[in-house]
Amino acid sequence: MISLPSYLFLSFALFIAGIAVMVARKNIIAIMLGIELILNSAALNFAAYTRFANDNIDGHLMSLFIIVIAAAEAAVGLAIVIRFFQIKETIHIDDAAQLQN
Amino acid sequence: MFNDTFFLLSAGLTLAGALGVVFTKNLMHACVMLLGTLFGVAGLYACIGADFLAASQLVIYAGGVVILMLFAVMLTGGSSDQANKFGIEKIAGMGNTKTYIFAGVSVAVISLTLLKIMAGYMKTFEQGELPPLTSTVEEIGTLLVTDHVLAFEISSILLLGALVGAAAIARPRKG
């Protein structure tokens, strides 16, 4: 039951869900939820390979750094979203087109 | 027996939360579903003996990131006009049928590619004898200040920069 293929499948499902969220949503915060899902799938893969195919613990440290970087990314991203909302009064991704036209 | 039940519970929570994030129409609900997924991933970490990772996942994600997201939703939510400045009707913030079709196509392409890569590995994979689960905290602490000390210090600078940068970006400007 608890095996490498099942963990790879779970990580695959999380990654796919993150991609779907990022493509389907038009709300910036919803897109950031998708990014969190993808980062979690990557960290889960590192931890799973540490357990099943490796005898050192460096993968745990990689997962830890992924978690730290995800926290920093969420803080800065949400600050940008709030600043964008102060200026444009919206968080729709299609309104962030100032460099386009 | 207990381990298998716990694993099934965590995996179900993870998958259900991920599906909820994909399909719900309410941003607040999506954040709560993401919380469920993160709890599930913490349980999955616990199943493979990554105790420190499971604890950090709970503390940082559930205690920090999701609360931050909920605050951002509450600070920015509400006002959503239906047309842009040219009078063209906008796509709904949480997506409509067209964006879901695009998402389905891209997901199909990416999942077929990944499954093609994973299939050969899955077929030939054989699990050897697994070592018993032990506590990883001491080893992680030792490695953080020996082998990975550079990444550790850089991540502290990164966190400081993110903190100051987030405060500087989001502060209200006068005039």
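**Chains A and B: a working chat**

Trainee: Where does Ala53(A) sit in chain A?

Mentor: Ala53(A) lies in the loop between H2 and H3 of chain A. Please keep in mind that this is a predicted model.

Trainee: Is Ala53(A) buried or exposed?

Mentor: Ala53(A) counts as exposed, because it has 12 C-beta neighbours inside 10 Å, and a residue with 12 or fewer is placed in that class.

Trainee: How far is Ala53(A) from Leu4(A)?

Mentor: Their C-alpha atoms are separated by 8.3 Å, although Ala53(A) and Leu4(A) are 49 residues apart along the chain.

Trainee: What about Glu89(A), where is that one?

Mentor: Glu89(A) belongs to the segment after H3 of chain A. Its phi is positive, about 60°, and Glu89(A) is not a glycine.

Trainee: Changing topic: how many residues of chain A are in contact with chain B?

Mentor: On the chain A side there are 59 residues, and they are in contact with 75 residues of chain B. The elements of chain A that give two or more residues to this side are helix H1 (4-24), helix H2 (28-52) and helix H3 (58-88).

Trainee: Which of them gives the most?

Mentor: H3(A) does, with 21 residues.

Trainee: What classes of residue make up that side of chain A?

Mentor: It divides into 43 nonpolar, eight polar and eight charged residues.

Trainee: How do H1(A) and H1(B) pack?

Mentor: Two packed helices are described by the angle between their axes and the distance between the axes. For H1(A) and helix H1 (residues 2-23) of chain B, the angle is about 10° and the axes are 9 Å apart. The two helices are therefore roughly parallel to each other, as angles under 35 degrees fall in that class. The crossing of H1(A) and H1(B) is left-handed.

Trainee: Which residues of H1(A) and H1(B) meet there?

Mentor: From H1(A), Leu10(A), Ala13(A), Leu14(A), Ala17(A), Ala20(A) and Val21(A) take part. Their partners in H1(B) include Ala11(B), Thr14(B), Leu15(B) and Ala18(B). By class, the contact of H1(A) with H1(B) has 12 nonpolar residues, one polar residue and no charged residues.

Trainee: At what angle do H3(A) and H3(B) cross?

Mentor: H3(A) and helix H3 (residues 51-76) of chain B cross at roughly 10°, and their axes come within 10 Å. H3(A) and H3(B) are therefore roughly parallel to each other. Among the residues that make the contact are His60(A), Ser63(A), Ile67(A) and Phe85(A) of H3(A), together with Phe52(B), Gln57(B), Gly64(B) and Met69(B) of H3(B). By class, this contact has 18 nonpolar, six polar and no charged residues.

Trainee: Now chain B by itself: how many helices and strands does it have?

Mentor: Chain B has six helices and zero strands.

Trainee: What is its radius of gyration?

Mentor: Chain B has 21 Å, whereas a compact globule of 175 residues would have a value near 16 Å. Along the principal axes, the C-alpha atoms of chain B fill a box of roughly 65 × 45 × 30 Å.

Trainee: How much of chain B is buried?

Mentor: Buried residues make up 26% of its 175 residues. As for contacts in chain B with a separation of 6 or more, residues 24 or more positions apart account for 53% of them.

Definitions and conventions: Residues numbered from 1 in each chain as written. Chains lettered and ligands numbered in written order. Predicted model: local features only at pLDDT ≥ 70, side-chain atom pairs only at ≥ 80, totals over all residues. Contact = placed C-beta atoms within 7 Å. Helix = DSSP H or I, 4+ residues; strand = E, 2+ residues; numbered from the N terminus. Nonpolar A, V, L, I, M, F, W, Y, C, P; charged D, E, K, R; others polar. Rg over C-alpha atoms; globule rule 2.2 N^0.38 Å. Buried ≥ 20, exposed ≤ 12 C-beta atoms within 10 Å, placed from the backbone. Axes fitted to C-alpha atoms, helices over the stretch in contact; angles between N-to-C directions. Parallel < 35°, antiparallel > 145°, perpendicular 65-115°, else oblique. Left-handed = near helix turned anticlockwise from the far one by under 90°.
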